[in-house]
Amino acid sequence: MRSIVGDLLLLRLGDGASGPMNKRLYQGIREAILDGAIAADSRLPATRDLAAELGIARNTVVHVYSQLLAEGYTRSRQGNGTFVNASVPDSYLASGRRRRQPPPAAPRPALSARGAAIVDGASASPYQWGAFMPGVPDLAEFPHKKFGRIMSGLWRNPTPDLLTYSYGGGLPALREALAQHLALTRSIDCDPEQILITEGLHQAI
């Protein structure tokens with residue numbers, strides 16, 4: 001199974017980069033950590049898995065991981081893997097890199113009379129099944145068994161915050177995961193605070 005970090009590094013290593021692979025891989029991971037593409041406390045793929053994804057020798061990945069660990073970009077937990085440090089060496093430098101901030105959004109114009117009528121009258125269609133139904137997913141392809149196994153594992157011993165009222169806009173951990181996923185797979189630079197989790201299209205409208 002491919003990892004998000006592996007996909008990110010494949011893109012960065014394939015952007016006309018040249019030089020020894022260990023140096024290119026080190027620079028790719030380090031820059032991804034500095035610009036926030038790989039978030040703090042994220043777990044890096046196992047050396048064997050990342051080597052297989054990138055099609056390189058495992059010793060190359062081991063060497064790069066060791067260098068990142070020695071320089072303070074990552075930390076290692078025996079038996080758990082390698083994680084990105086929340087504070088990296090560059091953050092102590094005056095010229096440290098900062099994550100690019102999106103420009104302020106322009107104020108949105110008010111809805112027209114027709115637009116307001118559409119929003120006010122939004123409701124579910126009486127037909128919720130069949131071909132070419134907009135906004136209706138193909139439920140026949142939903143992985144019910146896999147989803148059930150994941151839910152069973154998560155709810156076997158849930159944390160207290162999962163048993164109380166939800167946060168405004170959605171669970172912070174889910175919003176952080178979505179922001180990272182969007183940054184790596186869609187090149188969308190957004191913060192978790194800009195994401196709102198809704199129960200569906202009608203609640204979103």
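Which exposed residues are carried by the face of H4 turned away from its buried side? I began with this question, and I found Asn 59 and Ala 70 there, where exposed means over 50% relative accessible area, buried under 20% and partly exposed in between, with a 1.4 Å probe and protein chains only.

**Ground rules.** I noted that this is a predicted model, in which local features need pLDDT of at least 70 and side-chain atom pairs count only at pLDDT 80 or more, while totals for chains, interfaces and linings use all residues. Residues are numbered from 1 along each chain as its sequence is written, and side-chain values use heavy atoms, with hydrogens and water left out.

**Overall layout.** I looked up the elements of the protein chain and found 8 helices and 3 strands, both taken as DSSP runs numbered from the N terminus (helices H or I with at least four residues, strands E with at least two). Their order from the N terminus is α-α-β-α-α-β-β-α-α-α-α. Of the 205 residues in the protein chain, 22% are buried. I also noted that, among contacts with a separation of 6 or more, 51% join residues 24 or more positions apart, a contact being heavy atoms within 4.5 Å.

**Helix H4.** I checked the length of H4, residues 58-71: its 14 residues should span 20 Å at 1.5 Å a residue, and the end C-alpha atoms are 20 Å apart, which agrees. The expected span is 1.5 Å times one less than the number of residues. I then listed the buried residues of H4, which are Thr 60, Val 61, Val 64, Tyr 65 and Leu 68. Seen down the axis of H4, these buried residues fall within an arc of 130 degrees, so they line one face of the helix; the arc is that of the directions from the helix axis to the C-beta atoms. An α-helix has 3.6 residues a turn, so residues three or four places apart point the same way. What covers the buried residues includes helices H2 (21-34) and H3 (47-54), together with strands E1 (43-44), E2 (74-77) and E3 (81-84).

**Either side of H4.** Ala 57 lies in the loop between H3 and H4 and counts as partly exposed at 45% relative accessibility. I found Ala 57 and Met 21 to be 9.6 Å apart in space, C-alpha to C-alpha, though 36 residues apart in sequence. Just after H4, Gly 72 takes a positive phi of about 95 degrees.

Asp 41, in the loop between H2 and E1, has a phi near 70 degrees and is partly exposed, with a relative accessible area of 45%. Ser 187, in the loop between H7 and helix H8 (201-204), has a phi near 55 degrees and is exposed at 68%.

**A lining.** Which helix gives the most to the lining of the second largest pocket? I found that H6 does, with 4 residues, and that H6 (144-155) and H7 (172-185) each supply at least two. The lining residues include Phe 147, Trp 155, Asp 161 and Leu 174, and the lining divides into 10 nonpolar, 1 polar and 1 charged. Here Ala, Val, Leu, Ile, Met, Phe, Trp, Tyr, Cys and Pro count as nonpolar, Asp, Glu, Lys and Arg as charged, and the others, Gly among them, as polar. On a 1 Å grid over the protein atoms alone, a pocket is an open set of points where a 1.4 Å probe fits, with protein on both sides within 12 Å along at least five of seven lines, and lining residues have an atom within 4 Å of a point.
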